[in-house]
Amino acid sequence: MTNADLEKLVDTSDEWIVSRTGIKQRHIAEDSMSNADMAAEAAKGAMESAGVSHEEIDLVISATVTPDYRLPSNACVLQEMLGFPNAVAFDVVAACTGFINGLTIADSFIRTGRARKAVIVGSEKLSAITDWSDRNTCVLFADGAGAVVVEACDTGSGVLSTFLRSDGKMRPLLWTKVGGTRYPYTDDYPFDKSDKIRMNGADLFKVAVKEMANAARQVIEDANLTPDDVTLFVPHQANIRIIEGVAKRLKIDRDRVFVNIEEYGNTSAASVPIALHEASQQGLLKPGDNVVMVAFGGGLIWGAAAVKW
Ligand code: ACO
């Protein structure tokens, strides 16, 4: 879906969207394609690329706020679709930070011997909870999925450090109010009008730049690195101005910052693994590289991870 397509839905313009967000187009899944359908494609690709079989996987983590069902988890749907006979599968609900949470949990499971090989998938069908009449939000969000496989190894590569933090007081800056058990659908809160993302973009913007920079700084320090040692910085793709603001605070030059927001928009939990995949496809990730990922999202919740590729 291009910005020109959005001009037909709401009072906006390609010039406004590109200059305020950096987004030129985004991918919207067909009605027949579910979140788990996208997640399964991504997980299959990650396992193929890692050369790992379904039987070997013992941990499946799905990061999403738009699962196929309220019950069971998207991870269990994925387990049924792909058949992981020896795994435990569960979801992480941490909005745009979900992939970093998933990676942190998988790292902890592997370090403590509870798992050996994990699949972490970030996938979202945000188009299903976007208000297509609200120009403040509909120009930003999109659908997609990305996945990684992580496993125990003794080669010196892997997760160097992680950081997670949240602040529930700022919940109303980005949320869907209706559709849970506190505000179930009623005549006052009808399904078709209420169950959509609401956002205070300006306030989110400020917190995002500050806390993403703090989180990234923390994992760089905890990994005994400096910003100069970071080979590739892979931030959550929410807004090009947020990405540039964070990189500037960290003093990481633009050529070490991975950006693909112009093509995908904000895919929430899918954004970092999609970016990692594309960076890898483009030959930007080599063994021994120091990669720092950082994300921020509704909760509010934010986090970062430093890994040696
Ligand atoms: N087209 C045209 N005008 C618009 C649009 C649009 N799509 N959306 C909002 N506007 C208008 C507003 O109505 C407002 O008009 P007003 O001043 O008459 O009331 C005006 O533009 C606001 O303009 P700015 O203040 O310049 O907008 P800003 O620079 O804050 O950019 C944006 C808005 C893009 C939403 C920005 O605040 C943002 O990206 N915030 C972070 C949001 C985000 O990323 N959320 C995702 C989750 S959190 C995360 O992932 C980091």
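Colleague: Where is leucine 300 placed?

Modeller: Leucine 300 lies in the loop that runs between β9 (290–297) and β10 (301–308). Bear in mind that this is a predicted model.

Colleague: What kind of peptide bond joins glycine 299 and leucine 300?

Modeller: That bond is cis, with omega about -10°. A cis peptide bond also joins leucine 71 and proline 72, where omega is about 0°. Proline 72 sits in the loop between β1 (59–63) and α4 (74–82).

Colleague: How many disulfides does a search of the whole structure find?

Modeller: The search finds 0. Take cysteine 96: the nearest cysteine sulfur belongs to cysteine 138 and is 16 Å away.

Colleague: Why is cysteine 96 called buried?

Modeller: Its relative accessibility is 8%. Buried means under 20%, so cysteine 96 counts as buried.

Colleague: What makes cysteine 153 partly exposed?

Modeller: Cysteine 153 has 46% relative accessibility. Exposed would require over 50% and buried under 20%; 46% falls in between, and cysteine 153 is therefore partly exposed.

Colleague: What is the phi of alanine 95?

Modeller: Phi there is near 45°, a positive value in a residue other than glycine. Alanine 95 belongs to the loop between β2 (88–92) and α5 (98–111). At 12% relative accessibility it is under the 20% limit, so alanine 95 counts as buried.

Colleague: And asparagine 224, is it buried or exposed?

Modeller: Exposed: the relative accessibility of asparagine 224 is 71%, and the label applies over 50%. Asparagine 224 is not a glycine either, yet has a positive phi of about 60°. Its loop lies between α8 (201–222) and β8 (232–235).

Colleague: How do you know whether the radius of gyration of the chain agrees with that of a compact globule?

Modeller: For 309 residues, the globule rule gives a radius near 19 Å. The chain has 19 Å, so the two agree. Its C-alpha atoms fill a box of roughly 55 × 45 × 35 Å along the principal axes.

Colleague: Which figures describe the chain as a whole?

Modeller: There are 11 helices and 10 strands. Of the 309 residues, 53% count as buried. Among contacts between residues at least 6 apart in sequence, 74% join residues at least 24 apart. The side chains include 31 positive and 41 negative ones, with the centres of the two sets 7 Å apart.

How values were computed
Residues are numbered from 1 along each chain as its sequence is written. This is a predicted model: local features need pLDDT of at least 70, side-chain atom pairs count only at pLDDT 80 or more; totals for chains, interfaces and linings use all residues. Side-chain values use heavy atoms; hydrogens and water are left out. A disulfide is a pair of cysteine sulfur atoms within 2.5 Å. Buried means under 20% relative accessible area, exposed over 50%, partly exposed in between (1.4 Å probe, protein chains only). Helices (H or I, at least four residues) and strands (E, at least two) are DSSP runs, numbered from the N terminus. The radius of gyration is taken over C-alpha atoms; the globule rule is 2.2 Å times the number of residues to the power 0.38. Contact means heavy atoms within 4.5 Å. Lys and Arg count as positive and Asp and Glu as negative; His and the chain ends are not counted. The place of a charge is taken as NZ of Lys, CZ of Arg, CG of Asp or CD of Glu.
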